[in-house]
Structure formats: structure tokens, C-alpha cells
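Me: I'm new to reading protein structures. Could you walk me through this one, feature by feature?

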Amino acid sequence: MSNEKIVIGETGIYDAKKLGVPKLLLLGLQHTFAMFGATVLVPLLTGLSVSTTLFMAGVGTLLFHLITNRKVPAFLGSSFAFLGGFAAVAPLAADGAPNAEMLLYACGGVAVAGLVYVVLATLIKAFGPNKVMRFFPPVVTGPIIISIGLILAPTAISNCQTNWLLAIIALAVIIICNIWGKGMVKIVPIIIGIIVSYCVALGIRAVDFTAVTKADFVGFPQFTLAKFSVSSILTITPIALATMMEHIGDISAISATAGKNYIEDPGLHKTLIGDGLATTLSAVFGGPANTTYGENTGVLALTKVYDPLVMELAAIFAIIFSFFPVFSAVISSIPAAIIGGVSLILYGMISAIGVRNVVENQVDFTNSRNLIIAAVILVSALGFNSVGGITFTVAGTAINLSGLAIAALAGIALNAILPGNDYVFKPEAEEGTSFKL
């Protein structure tokens, strides 16, 4: 197949099978690389099993695709939003050892939180997305999407600072491949960037193989059944209010990226159910909460390959790799600086998508109402995130709201209260057209 047929301008590729099996596998592997670092970081921070986390991320993604009729190109990886809940219910010991018993109760709280998604999905199904999405016009969703990328930005820079040489090499290779590359080189720039920079890291002896030498070659994920208590449920379940807002922002970002209105088809209620049940399933068997991954949305924007099949292949890779601890160890050996260089552009892509969402929908920022809503969202997201959000007590239980959750709730409230809300939800009728929310 010629290069001209591989890259289809700005409209993107919606049927990746035309690329052939080898290229499909590479694309799936690229998405696996994109999600891997963040996905395995959550179990490292909470004490959960890395293998179980990978397995449940893969299974959760496939479940999500099944529920959404295989229409949405999304990957579900570990959610960072619930780290506060895990820390509250099952804090690590002073030496970093996990609290194995309390982790099971934390997972129980996460499992119940996933079911809250189903409740919201039921309301959307009952009243229709038109009435619900009136609360989520572009002046709200755009700044929320922008905030998602900006909140992740410090993590990328912190990783880059561990070795700027490797970070810049990874970033430079990705840019060169995507801008000047031809054919498959243009489609898989992240894998190429990681391979090239990893080779450099090997040359300068910046790779630590300690974990690789200790890892078993083959092993089964360590499944544990969640336990339930009122305390853990009350502590963790409210976090779902924040993650559902993030879900809407993520689906908006994916829709804006792919040029298809996934909120209308297959429907926001189905994406919420898929995300929620994936989270519940993961937690029941000892995994973390799942969430649609911004890293993979960044890959979509970069490659313009929007076929959900590619994400499903990434999910299968995640499941396979969960049975090979040595592979997880090899991937974990990728220096943080390389992950930082890759993340730098991917996180930026997320914010850029938010900007595009605002511009394409012609949000009028000469209107004071719109300006106020956007300003409150952006400052709340970044400001409160820098101080760890807000913690308050309800019935003796401490509840923490992240900066993004506060921003989303504030933006939704202002949009509902301030006069002049003339937004009308108009889903696109034709596939492939520019997404309008």
C-alpha cells in the first residue's frame, strides 16, 4: 500500500485493517507503551499488584468496547483520581510496605464508586443527552480538557529533569517522525522515539536492570477479592463525582480528536456504564479504578488513526504482558526522562485539543459570562491542584475533591446559574465531520 493511502490527511484513518496486520500490531503496541507508565505507577503508589493492574486494564478496556458497540477509540488505564482514597483507607507503612488487608477494603470502596457511573448513565438514558449536555457546553468542556493536560504537565517536566538529554532526544525523534516521516514512520512516532532514546540510554548506562534480573519470566496475576465496609465506601465513593466529570471531558476530547460525536453515538450513557463497570470489575478482583486515558487520546491526535480496533489490540497486549512479569520489569526500566519526553508532547496535545474544541465551536470570549466561566475553571483546576484540592468532613468522614473536580463542579454550576445560557446541543449528522459540542 502506498504512503498516500496510509496517511489520509486531516480526516484520519477510521478503518485500520487496511494498513495490514503488522502495522495494526505496531499501532496497538504504541498505545500499550503510551498507557504503560501511568498505569503501572498507580499500583506502585498504592501497593496493588502490577500484573493484576495490567490484566484488569486490558479486560476493562475490552468490556468498555463491548458496551459501547466498539465505536469509541478509548483505552482504560489506572485512575490517579482515587489515590487519595487509597491513601486514606490503606496508607503505606513507613518503609513503603503495602497494607494488604486494608487494600481489600479500599478496593471495595472503588467497586461501589464504579456503580455510581451506572446511576448517572441511567439518568442520561431517561432524560436524554440533550438536557444533560446543556450543562456541558464548549465553554465548560473546553477549559476542562485544557486543564486535564495542564495538570499533568508538571509530572512530565519532573520526569524530564532526571535527564534532559534523553527527554529531548525522545521528544525530538517523535516530532521529526510525525512532521517529516512517511508512511508508518509518521503513524508510530512514539514507539520510534522510545526505542531511539532507550538505545541512547543503554549507551550512556542510564538504564537500571535490577528489577529485570529479579523478575520471573512467566507468572499469573495475583487476584484478590475486595472487601466492603461502610467507612471505606463513604470515603471513596464521593470521588466518583469527580471522575465522572473527568470522563465527560475525556469523551469530549476523544470526540473532538476523532471528529465523531461519541456522546451522541454510542451515547454518553453507554460510555459511562462501560467506564463504571470496568472500574467495578477491576476493583472486585484487586485492581485499581479504571479511567479513559488522556495519554492514548494524545496518541490519537498524533497518529490520526481512530479505529477502536487499535485500542482493543492494546488491551490484548496488556493482558498478555500481565502474564510475563519480566516484560513489565523491562518496560519499567525505561528511564523516567524518556517517559517525560513522550509525556511532554502527549499532555500538551490534550490541552491543545481543548483549545481546538473552544475555537471550532466559536465560543465568544468577548462575552463576560463565558470569560468568567472559563477563568474560574482554569484557575480552580490548576490552583487547587497545587495545594492538594479541598478536604472536608461529612458525618465524620474526610472527603477530598481534586482541583479538576472542583473546577468541573464550579464551571457546571456557573453555567447553570449565570444568565445567558443559550446553548443548544446539536449532534453532527454525518460521520467524519468536525465535532461540535
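Me: Where is the place of Gln362?

Reply: Gln362 sits in the loop between α18 (336-360) and α19 (368-386). Helices (H or I, at least four residues) and strands (E, at least two) are DSSP runs, numbered from the N terminus. Before we go on, keep in mind that this is a predicted model, where local features need pLDDT of at least 70, side-chain atom pairs count only at pLDDT 80 or more, and totals for chains, interfaces and linings use all residues. Residues are numbered from 1 along each chain as its sequence is written, and side-chain values use heavy atoms, with hydrogens and water left out.

Me: Is Gln362 buried or exposed?

Reply: Gln362 is exposed, with a relative accessible area of 68%. The cut-offs go like this: buried means under 20% relative accessible area, exposed over 50%, and partly exposed in between (1.4 Å probe, protein chains only).

Me: What is the phi of Gln362?

Reply: Start with the general idea: most residues other than glycine have a negative phi, and most peptide bonds are trans. Gln362 isn't a glycine, yet its phi is positive, about 55°. Asn69 is another non-glycine with a positive phi, about 60°. You'll find Asn69 in the loop between α3 and β1 (76-78), and at 39% relative accessibility it is partly exposed.

Me: And which peptide bond is cis?

Reply: Look at the one from Asp265 to Pro266: it is cis, with omega near 20°. Pro266 belongs to helix α14 (residues 263-284).

Me: Let's zoom out. How many helices and strands does the protein chain have?

Reply: The chain has 20 helices and four strands. Of its 437 residues, 54% are buried. For contacts, the rule is heavy atoms within 4.5 Å. Take the contacts with a separation of 6 or more: 82% of them join residues 24 or more positions apart.

Me: How do I read two packed helices, and at what angle do α8 and α10 pack?

Reply: Two packed helices are described by the angle between their axes and the distance between the axes. Here α8 (residues 164-180) and α10 (residues 189-203) pack at about 145°, with axes 8 Å apart. Axes are lines fitted to C-alpha atoms, for helices over the stretch in contact, and angles run from 0 to 180 degrees between N-to-C directions. On the α8 side, the contact includes Leu166, Ile169 and Val173, and on the α10 side it includes Pro189, Ile190 and Val196. By type, the contact residues split into twelve nonpolar, three polar and no charged. In that count, Ala, Val, Leu, Ile, Met, Phe, Trp, Tyr, Cys and Pro are nonpolar, Asp, Glu, Lys and Arg are charged, and the others, Gly among them, are polar.

Me: How many residues of α16 are buried?

Reply: Twelve of its 14 residues are buried, so α16 is largely enclosed by the rest of the structure. Among the buried ones are Leu309, Glu312 and Phe317. At the start of α16, a side-chain oxygen of Asp307 comes within 3.0 Å of the backbone nitrogen of Leu309.

Me: Which side chain makes a polar contact with the side chain of Ser333?

Reply: A polar contact is a pair of N or O atoms within 3.5 Å; within protein, one must be able to donate a hydrogen and the other to accept it, and residues adjacent in sequence count only if both atoms are side-chain atoms. For Ser333 the partner is the side chain of Tyr198, at 2.9 Å. Ser333 lies in the loop between α17 (325-332) and α18, and is buried at 7% relative accessible area.

Me: What does the side chain of Asn290 reach at 3.4 Å?

Reply: It reaches the backbone oxygen of Ala278. A polar atom of the Asn290 side chain also lies 3.4 Å from the backbone oxygen of Met56. Asn290 is in strand β2 (residues 290-292) and counts as buried, at 2% relative accessibility.
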